[in-house]
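Colleague: I'm new to this one. Can you walk me through it?
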Amino acid sequence: MTSLERLLAEKPNLKFIFTGGKGGVGKTVSAAAIAYKSTLQGKKTLLASLNPVHSLASVFNQDLTGGTIKRVEGTSHLYAIEVDAKDIVERYRENIGKRVREFLKWSDIPVDAGPFVDIAVTNPAFEESAMFDKMMDIMLQQGSEYDRIVFDTAAVANAVRLIGLSKIYGLWLGRMIESRKEALSMRVQLSFRKEKVMEEVKKDPLMADLISMNERFLKVKNVLIDSNITAFFFVTLPLALPIAVVKRFITMVKAYDIPVGGVIVNGILSRETVEASQGEEYLKNKYEEQIQYMRTIKKDLGDLVRAYIPLYPREVVGLEMIKKVSEDMFSYVPSFWNEL
Ligand SMILES: Nc1ncnc2c1ncn2[C@@H]1O[C@H](COP(=O)(O)OP(=O)(O)OP(=O)(O)O)[C@@H](O)[C@H]1O
Ligand SMILES: [Mg+2]
């Protein structure tokens with residue numbers, strides 16, 4: 001039994017799985033392979049991509065456009081969704097616009113809301129918060145429908161930044177609610193007795209909106225920091241930069257109490273492959289280089305390493321390849337690992 005298999009066996013209620021790592025290291029492939037494995041264990045599984053550029057469609061050779069959940073052809077209970085960033089951002093922009101307008105109206109500030117909305121939505125973090133919101137939607141709405149949801153999150157800092165953002169989001173909402181309470185009470189205190197103030201506060205649509213946003217956020221946060229329900233996996237290649245990114249990620253994630261499921265080392269050149277090449281110079285050099293990086297991985301991340309994926313002679317495309325990756329992830333251990 002591999003370490004990854006043991007983890008999944010020990011945590012049968014693991015519902016939300018995330019894959020993170022530097023761009024191009026194999027996050028999508030790993031997410032798909034974990035999702036597929038989950039279906040073999042009888043779990044109805046949803047694989048959700050929240051990347052601005054989609055890749056599930058090419059991984060499964062299937063049209064996944066439209067932003068709806070579709071069953072992956074050739075599987076019995078694997079489902080996939082590719083969230084369309086453009087749609088989400090547009091809807092989120094409308095929502096924010098509505099809030100800003102309501103706020104200005106409520107405060108009796110007679111200015112055009114347009115520029116304020118533009119400022120609120122014209123910043124690089126906007127798309128991220130929109131996607132984070134969508135992720136929360138999927139967690140809350142599909143959480144009861146699926147036994148497991150695997151999120152293929154965007155490259156590098158995105159996944160972790162989302163969590164950091166969620167913390168700030170919570171703080172910000174808390175403050176907003178407090179200040180709205182104060183402002184509203186001053187107004188209503190003139191005409192109501194004290195015990196009626198809170199009731200009045202809740203009648204304000206903006207206020208009710210903020211309170212429900214905060215409740216929603218807290219629900220998700222509680223799930224995200226529960227190690228029996230959530231696990232973040234970090235994917236790396238045996239190369240300097242991806243390893244550094246994973247180390248940085250793990251430090252950041254731990255600071256936010258996000259449970260680390262483990263590290264997946266992808267793209268491993270096996271000793272057997274090199275030997276079979278009868279001393280091909282390029283492969284030999286690559287292999288030696290890899291051994292050095294694998295030593296670093298073992299030294300710095302050792303116990304966290306839960307799975308290895310060999311380097312395949314071609315890209316991972318189609319369900320058959322995903323099945324292969326899935327098998328390897330749960331069985332392959334490079335022969336040199338114990339000698340490092
Ligand atoms: N072990 C492997 N052997 C051969 N090709 C691989 C392997 N793992 C991944 N690939 C290929 O490498 C490319 C990148 O993989 P993948 O899309 O899973 O990475 P990613 O981390 O999701 O990338 P991005 O950051 O762009 O989302 C793909 O073309 C994939 O088919
Ligand atoms: Mg990807």
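Modeller: Start with the second largest pocket, at about 450 Å³. On a 1 Å grid over the protein atoms alone, a pocket is an open set of points where a 1.4 Å probe fits, with protein on both sides within 12 Å along at least five of seven lines. Its volume is the space filled by probe spheres set on the points, which are joined across faces, edges and corners.

Colleague: Which residues are closest to the centre of the second largest pocket?
Modeller: Gly24, Gly26, Val29, Asn266 and Val316, out of 23 lining residues. Lining means having an atom within 4 Å of a point.

Colleague: Is this model predicted or experimental?
Modeller: This is a predicted model, where local features need pLDDT of at least 70, side-chain atom pairs need 80 or more, and totals for chains, interfaces and linings use all residues. Residues are numbered from 1 along each chain, chains are lettered from A and ligands numbered from 1 as written, and side-chain values use heavy atoms, without hydrogens and water.

Colleague: Which element gives the most to the lining of that pocket?
Modeller: H2, with three residues. Helix H3 (56–60) and S7 each supply at least two. Helices (H or I, at least four residues) and strands (E, at least two) are DSSP runs, numbered from the N terminus.

Colleague: What takes up the space of the second largest pocket?
Modeller: Ligand 1. To sit there, more than half of its atoms must lie within 2 Å of the grid points.

Colleague: How many residues surround ligand 1?
Modeller: 17, with Lys27, Thr28, Asn266, Glu315 and Val316 the closest. Each has a heavy atom within 4 Å of the ligand.

Colleague: Which polar backbone atoms lie by an oxygen atom of ligand 1?
Modeller: One of valine 25 is 3.1 Å away, and one of glycine 26 is 3.0 Å away. A polar contact is a pair of N or O atoms within 3.5 Å.

Conventions:
A polar contact is a pair of N or O atoms within 3.5 Å; within protein, one must be able to donate a hydrogen and the other to accept it, and residues adjacent in sequence count only if both atoms are side-chain atoms.
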